[in-house]
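Okay, thanks for coming, everyone. Let me put the structure up and walk you through it.

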Amino acid sequence: MMSGVVRDEGVIQNRECESGLDPTEVDEDGRPKRTGTVWTVTAHIVTVVVGFGVLSLPWGMAELGWVAGVATLLLFAIITFYTSSLLAECYKSPLTAKRNYTYMLAVKTTLGGKMYMVCGLVQYAIMIGSIIGFTLTASISMEAIQKSNCYHKSGHNASSCTHFSHKPYMIGMGILEILLSQIPKIDHVWWLSILATLTSFGYSFMGIGIALATIILGHGKRTSVTGIEVGRPPGITPAQKIWRMFRALGNIALAYSYSLVLIEIQDTMKSSETEIKEMKRANMAGVLITTALYLSCACFGYAAFGNNAPGNMLTGFGFYEPFWLIDLANIFIVLHLLGAYQVLAQPIFSVVESHARRRWPESKFVMEEYPVVVGIGINNGNGNGNVNSMMSINLLRLSWRSLFVGFVTLVAMAFPYFNELLGLLGAISYWPLTVYFPGKMYIAQNKITTTTTTTTTTSCSIRWFGLQILNFVCLLVALASLCGSLQGFAQALRII
């Protein structure tokens, strides 16, 4: 699941170079010179992909079984690589060779304003949904740290360790995010992005390592070719088995939902005649590396947990020891999601605030910045007293961002269902952004029609029909996952 910066053309732009710069420091369009290579772009892709979706992969394998689980991971990898290659072709306009700097700009340039609006709605819905997921997941990890320490002190069967709640931690995270949200611009939270990247790799490899150690020590649980079986555990009916399989598809789809930032990543590639081919090679390398990581996490986790794999491999307590490593992994999850929250929230903040500044340019509530001096009590050594830190408060920023964080926290508290939420996010993100828009843009740019005409014959266009079939099949998978997730929410809320 992506946790990188999502840039909209009206939100975060590459700044044009100031006049007077050395011509060797700019590209052909006057923007700062790009220096990325296949290896740096591959690193960006892997960094963006690895996220909290990896935690649910053992559960997904348990629902699907060895055959369907591995096949699903590989199929999503193949589809993602193919559609990412189509998206790489849409980076430049075939007529003007002008670059599209963002995913949404590519949609606007190729498909027009209406599709641009649809893409924007999908983008921001996914970003808000992901932020809700971050709040839920981080609070569950905080609760898991408390449980882990309790089980270590009181024994693995201690009933007193089962009554903790993660809702107080949600409130605590909401308060912390209100404070972090007062940072004016995303440029100022670059360190949070780096922290999120490092910690995401940290907890992923910790989970794999603990699962592998469990298997080597002979403590792995029972698995099966078809996954969790009807009646085992009691209460699993054939219908529930199907619904859970649908949710698992959404969980796996979410792990590969990162196409929204691929154009931005491609925009770091050094300008050359072969940059599109190099981007495709970087896509292949990135998908291969992440698929290897996902397969390791899913397969080792499933072999360790068996058919009763928890929804979150690091908070479901299939592992109790070493407790300090479980604690450290969950601390990494919390740190990752604190940073990822801001990386996705800052563009949303910026859209609303930019619109407000255009709409009410004379309003002090909207425009005025009130400086606040914060003394940190350190003598500067030259007799001028304490060193002070300067920050500013804007009333619109304070109120709007606080209300947004409060709303997200309330929604997360109302729907605290991890796998159902991940399945829902996967359902609404993978098909439109990874399959539909890349395919539609590729067809529009290359003027692919239903028929291919030569000087002597007219025949059906295999490529056009192939893209339509891929689009339709992925739509069916998305709808199945959506239905499975909604059924899971309804069951958890006891509506059905």
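**Cysteines, core and salt bridges**

Let's start with Cys90, which is buried at a relative accessible area of 0%. Buried here means under 20% relative accessible area, exposed means over 50%, and partly exposed is in between, with a 1.4 Å probe and protein chains only. Before I go on, the ground rules: this is a predicted model, where local features need pLDDT of at least 70, side-chain atom pairs count only at pLDDT 80 or more, and totals for chains, interfaces and linings use all residues. Residues are numbered from 1 along each chain as its sequence is written, and side-chain values use heavy atoms, with hydrogens and water left out.

So, how many disulfides does the structure hold? It holds 0, taking a disulfide as a pair of cysteine sulfur atoms within 2.5 Å. Look at Cys299: the closest cysteine sulfur is in Cys297, and at 9.5 Å that is too far for a bond. Cys299 counts as buried too, at 18% relative accessibility.

Now the overall picture. The protein chain has 14 helices and 4 strands; these are DSSP runs numbered from the N terminus, helices being H or I with at least four residues and strands E with at least two. Of its 496 residues, 51% are buried. Take the contacts (heavy atoms within 4.5 Å) between residues at least 6 apart in sequence: 79% of them join residues at least 24 apart.

On to the inside. A nonpolar core is a set of buried Ala, Val, Leu, Ile, Met, Phe, Trp, Tyr and Cys residues joined through side-chain atoms within 4.5 Å. The largest one has 108 residues, and Ile45, Leu55, Tyr103 and Phe404 touch the most other members. Helix 10, residues 323-359, gives the most to this core, with 14 residues. If you zoom in on Phe404 and leave out residues up to four places away in sequence, you'll find it touching Ile128, Ile131, Ala345, Ile348 and Phe349. There's also a second, separate core of 5 residues, including Leu86 and Ile443.

While we're inside, have a look at Gly53, in the loop between helix 1 (38-49) and helix 2 (57-89). Gly53 is buried, with a relative accessible area of 0%.

Next, salt bridges, meaning a side-chain nitrogen of Lys or Arg within 4 Å of a carboxyl oxygen of Asp or Glu. The count comes to 9. One of them pairs Glu89 with Lys280, with the closest N and O atoms 2.5 Å apart. Glu89 is in helix 2 and Lys280 in helix 9 (residues 275-305), so this pair ties together parts that are 191 residues apart in sequence. Glu89 is partly exposed at 26%, and Lys280 likewise counts as partly exposed, at 25%.

Buried or exposed: what would you say for Asp267? Asp267 is buried, at 5% relative accessibility, and its salt-bridge partner Arg99, 2.7 Å away by closest N and O atoms, is buried at 3%.

Last stop is Lys447, in the loop between helix 13 (418-446) and strand 3 (451-453). Lys447 isn't a glycine, yet it has a positive phi of about 50 degrees. This lysine, Lys447, is exposed, with a relative accessible area of 63%.

That's my tour, so over to you.
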